[in-house]
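Reader: I am new to this structure and would like a close look at a single part before anything else. Please take your time, and then lead me onward to other parts.

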Amino acid sequence: MGKKRATRRTSEPVAADADSSQVVIPDTLPILPVRGMVMLPGTITPITIGRPSSRKLLDDSLPQSKVIGVLTQRDEEQEEPGIEELFNVGSAGLVLKLVRQPDETVQIIVHGLRRVVAGEAVRENPYLVARVSTPDEKPGSGRGFAAAVNQLRDQARELIAITPGVPEEALRVLMNIDDPSNLADFLVANLNLEVEQKQDLLEEFDVAKRVRAVHRHVSTQLQIQQLQQKIQQDVQTSIGDAQRKFFLREQLKAIQKELGDDGEEEESFVDQIRQRLEEADPPEAVMAEAERELNRLATIPPASPEYSVISGYLELIADLPWNIASEDELDLVKARKVLDRDHFDLEKVKRRLIEYLAVRKLNPEGRGPILCLVGPPGVGKTSLGQSVADALGRKFARLSLGGIRDEAEVRGHRRTYIGAMPGRIIQEIRRAGTNNPVMMLDEVDKLGADFRGDPASALLEVLDPRQNMAFVDRYLDVPFDLSQVLFIATANYMGNIPPALLDRMELIDIPGYTDHDKLAIARKYLVPRQLRENGLKAAQCKVYVSAVKTIIEHYTREAGVRELERQIGAVCRGVAATVAAKRNGRAKPVAVDDKKVRELLGPEKFVRELDTRTRTPGVVIGLAYTPTGGDVLFIEATGYAGAGKVQITGQLGEVMKESAAAALSLFKSRADQLGYDAAQLAKQDIHIHVPAGAVPKDGPSAGVAMYTAIASLLLGRPVRQRLAMTGEITLRGRVLPIGGVKEKTLAAARAGIKTVLLPEQNRRDMEEVDAKVKDKLTFRFVESVDQVLQHALGVKPANIKA
C-alpha cells in the first residue's frame with residue numbers, strides 16, 4: 001500500500017436499521033485487511049484506504065455488492081498480508097459512503113453487520129477473497145445474566161458521566177440499546193483497550209461471557225477515572241492550602257508591623273537569596289529543592305538555629321557555578337609556549353595536554369581526562385597544575401590530600417550535624433567560580449583511612465568520568481556535574497594508591513632529572529628566581545656555571561631540584577649579606593664560582609666514593625627504586641670463621657632477605673663450577689650488609705648484586721670499577737626482569753656509574769631511558785648469573801675454575 005495505513009479515526013454506535021438487517025452476507029467476500037483497529041458489529045467506522053490492492057478491491061466490489069469482510073492483521077508491519085497473517089474472526093461490513101481524497105487515498109464509512117469467520121482463500125491477487133461463515137451467537141439467559149447486563153449499563157453510565165470530553169449523545173445511545181450483544185459491542189468499540197483485547201472480545205460468541213469480560217474492563221476504566229478525579233481534587237485542595245497559608249503570612253506581617261517588628265530585614269534576605277538563585281539558574285531538580293528550603297526559611301524566626309543552617313545551605317547553592325564555565329584557550333601553539341615557559345622537559349605531560357586541547361577543539365562536549373603524575377619529589381608535578389590552567393585559560397584549584405583520613409573531607413557532612421560543611425571538592429569549585437577548573441589532587445598516594453572512613457574510596461566517584469557528572473555531596477544533597485573538571489592527581493609512589501583508584505586515572509611517569517637537566521633548570525628558572533626573591537640584581541651577583549655544577553654534584557643528591565633551589569637560595573642569601581654590608585652601591589658584582597660556593601655552603605656534603613668502596617672483594621653496587629626516585633646501594637659481604645651461618649643486616653624487608661638466601665644457595669650449588677671448595681662454607685660465617693641502615697629496603701631486584709657480592713668475597717676477586725647491576729635471580733641461575741629501569745639508570749648516571757648490568761628481558765624498556773643517560777652509560781644485558789660474573793669479575797666462570 002505505498003506508505004499509507006488503514007487506521008481507525010473514530011467509532012460511533014448506531015442501531016441497525018431495517019435495511020441493514022436484511023442485507024444478505026454471501027459465502028465468499030472480498031477481504032479488506034486493517035491494522036491498529038478492530039471493527040465490531042453495530043458500529044459505523046471510517047477507514048482510510050492507502051494500499052493499491054485495497055483500492056482495487058473497492059473499485060471491483062462496490063458496483064456489484066457493498067458488503068466486504070474487515071479482518072485485523074496480526075502483524076501491523078506486514079504490507080500485503082495473506083489469509084494466514086489475519087485474525088480469522090472479523091466483521092462483515094456494509095460500505096455506506098466512499099470519498100476519494102486529493103492524495104490518492106480513499107476514505108470509506110463502513111457499518112459493521114455481524115461477526116464472520118474467514119476460511120480458505122479463494123483468490124489472493126490482486127486482492128484477497130475468502131470463504132466466510134456466520135456462526136450464530138449463544139444468547140445469555142437467566143436472572144444472573146439480566147443483573148449483569150443492568151450492572152454493566154449502570155457502570156458504563158457512571159463512566160460516561162465522569163469521563164471528560166464524552167458527548168452527551170453517547171449516554172442517550174447507551175440507554176437506547178436493548179440487545180445485550182449490541183450493548184457489549186458498543187462498549188468494546190469505545191473503551192480504551194488494546195487491539196488484542198478487542199479482538200478477543202470480537203471472537204467471543206457466548207454473549208454472557210462477553211458481557212462479563214466487558215464488565216471487568218468497564219470496572220477497571222471506572223476505577224482509573226475515579227482515581228484521576230481524586231488526584232485532581234487533592235491538587236485543588238493543595239492549591240487552596242497554599243493560598244490559605246499566604247493569607248495567614250500576610251496577616252502575621254500586619255501583626256508584626258503593629259508591634260513594631262515589621263520583619264523587613266528577614267523578608268529582604270529571603271528575596272536576596274531568591275534573586276541569587278534565579279541568577280545562578282541551577283537545574284530544575286536543584287531549584288525545586290532550593291524553593292522548598294526557601295519556603296521553610298520564610299517561616300522560621302531568625303533566632304532559630306535552623307535558620308542559619310538553611311540560609312548557609314541556600315547561599316552555597318546560589319554561589320555554585322552551575323552554568324559558568326571558562327572558555328578554553330584552544331590555540332595549541334600558545335598553550336605549548338606557556339608550558340615550555342614554566343617547565344623544563346616533561347615532554348610526556350606536555351604532549352598529553354596538547355592532545356587534550358586538540359580533542360577539546362574537535363569535540364567541545366567531551367569529558368575531561370583524569371591524569372595522575374607519578375614521580376619523585378621536586379620534579380615539578382604540583383607546580384605543573386598552575387601552568388596547565390594558564391595554558392588552558394581556566395581557573396586553578398588545589399586540593400592537598402596528604403594525611404586526610406576522613407571521607408567527609410571529600411564528600412561533605414550531612415546537614416543534620418552541628419558545624420556541617422560541604423566537602424573539599426565542592427568548596428574548591430565554589431572558590432574557583434567556574435564548573436570546569438583545573439583541579440590538582442596533590443599527594444593522592446598519602447591518603448589515610450581510619451574509623452571515620454576511607455577517603456580513597458570516596459574519590460572513586462569523583463574520578464570516574466562516567467559517574468562524576470552527577471556527583472552528590474552529602475551536604476549539598478543534589479547532583480553537581482564534575483565531568484568538565486580537569487583533574488590532575490600527583491603521587492610519589494604508585495604502590496600506595498588503591499588499585500580501584502589507580503584504575504580510574506591515566507598514569508604519566510615523570511622521571512628524575514639528570515645533572516645536565518638540573519643545570520639547565522637552575523640557569524633558566526632557579527637562579528633568576530632566587531636572585532629576585534633575595535633582592536639581588538644581575539649587576540650585583542654573577543653566578544657561574546661551575547658554581548651550579550658544584551652545588552649539583554657535591555651539595556645535593558636528589559631526583560628533583562627542590563634541595564638544589566634551597567642551596568642556591570642559601571648562596572644568594574650569603575651574597576645578599578655581602579652586598580648589603582657594602583657602603584658603595586656601585587661596587588663590582590659578587591662573582592659566585594665553585595670556590596665561593598664552598599665558602600658559603602661549607603664542606604661538601606656528598607663525595608663520590610665508588611672507586612674506594614669497590615676495590616675490596618665482596619662489595620657490589622646495586623640499583624634501587626624508591627618513592628623519591630632511583631638510588632644506588634652498596635651491598636657488602638664479609639666472611640669469618642664460624643659454623644656456616646648467614647647474618648643479614650641493613651633494615652631489609654622479607655623479600656630482600658629471601659633474595660640473599662637464594663643467592664647463597666645458588667653459589668653453593670655452583671661452587672665446584674666456580675673452583676671453590678664447598679666444604680669451606682661449613683667452616684665460616686657470612687655477613688651480608690646493606691649500608692644506610694636507617695632506610696628500609698625491600699624488593700627482589702638486589703638478587704644479582706647479592707650473588708655477585710658473595711662470589712666476589714669467596715673467590716677473592718673485586719668487582720669492576722664503576723659497575724652497577726640489578727635483577728632478580730632464580731635457583732637455576734636465571735636473571736629475571738625488574739621494574740623502575742628508567743629511574744635506576746638515571747640514579748646510576750647521577751652517581752658516576754659507567755656500566756650497568758640489566759636483565760635481557762628489560763631491553764625493551766630502553767626506549768623510555770633518557771637519551772643523555774644512554775650516552776653516559778654502557779648497558780650489558782644478561783640472561784644468567786654466569787654472564788653477570790663474566791662482566792663483573794672480568795673472567796669467565798670456566799677460567800675461574802681453572
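Which residues does Val149 touch, not counting residues up to four places away in sequence?

Author: Residues are numbered from 1 along each chain as its sequence is written, and side-chain values use heavy atoms, with hydrogens and water left out. The model is predicted, and local features need pLDDT of at least 70, side-chain atom pairs count only at pLDDT 80 or more, while totals for chains, interfaces and linings use all residues.

Val149 touches Pro180, Leu183 and Val211, once residues up to four places away in sequence are set aside; contact here means heavy atoms within 4.5 Å. Val149 belongs to helix α3, which covers residues 143-162; helices (H or I, at least four residues) and strands (E, at least two) are DSSP runs, numbered from the N terminus. With a relative accessible area of 7%, Val149 is buried, a term for residues under 20% relative accessible area, whereas exposed means over 50% and partly exposed lies in between (1.4 Å probe, protein chains only). From C-alpha to C-alpha, Val149 is 90 Å from Pro377 in space, and the two are 228 residues apart in sequence.

From that helix we can turn to some loops. In the loop between β5 (89-100) and β6 lies Glu104, whose phi is near 75 degrees, a positive value in a residue other than glycine. Glu104 counts as exposed because its relative accessibility is 59%. Asp281, in the loop between α8 (264-280) and α9, likewise has a positive phi in a residue other than glycine, near 50 degrees, but Asp281 counts as partly exposed, at 49% relative accessibility.

Helix α9 (residues 284-299) packs with helix α10 (residues 305-319) at an angle of about 150 degrees, their axes being 10 Å apart; axes are lines fitted to C-alpha atoms, for helices over the stretch in contact, and angles run from 0 to 180 degrees between N-to-C directions. That angle makes α9 roughly antiparallel to α10, on a scale where under 35 degrees is roughly parallel, over 145 roughly antiparallel, 65 to 115 roughly perpendicular and the rest oblique. The α9 side of the contact includes Val286, Ala290 and Leu294, and the α10 side includes Tyr307, Ile310 and Leu314. Sorted by class, this contact has nine nonpolar, one polar and four charged residues, where Ala, Val, Leu, Ile, Met, Phe, Trp, Tyr, Cys and Pro count as nonpolar, Asp, Glu, Lys and Arg as charged, and the others, Gly among them, as polar.

A second pair, helix α19 (residues 545-554) and helix α21 (residues 594-601), packs at about 50 degrees with axes 7 Å apart, and these two helices are therefore oblique to each other. Among the residues in contact are Ala547 and Ile551 of α19, together with Val597 and Leu601 of α21. By class, the contact of α19 with α21 has four nonpolar, three polar and two charged residues.

Strands come next. An open sheet is formed by five strands in the order β9-β10-β13-β8-β14, with parallel pairing; two strands pair if DSSP finds at least two bridges between them. Its edge strands are β9 (396-400) and β14 (506-509), each of which pairs on one side only, and the twist averages 20 degrees from one strand to the next. Five bridges link β9 to β10 (residues 438-442) in the parallel sense, and Leu399 has Leu441 of β10 as its bridge partner. Helix α12 (residues 347-362) packs on this sheet, touching β8 (370-374), β13 (486-491) and β14, and its direction makes about 145 degrees with that of β14. Helix α15 (residues 424-432) lies across β9 and β10, running at about 155 degrees to β9.

Finally, strand β17 (residues 619-626) has six of its eight residues buried, so it is largely enclosed by the rest of the structure. Eight bridges join β17 to β18 (residues 629-641) in an antiparallel arrangement, and these strands form a hairpin with two residues between them. Val620 has Ile635 of β18 as its bridge partner. Two bridges also join β17 to β21 (residues 723-725), here in the parallel sense, and Ile621 stands opposite Ala724 in β21.
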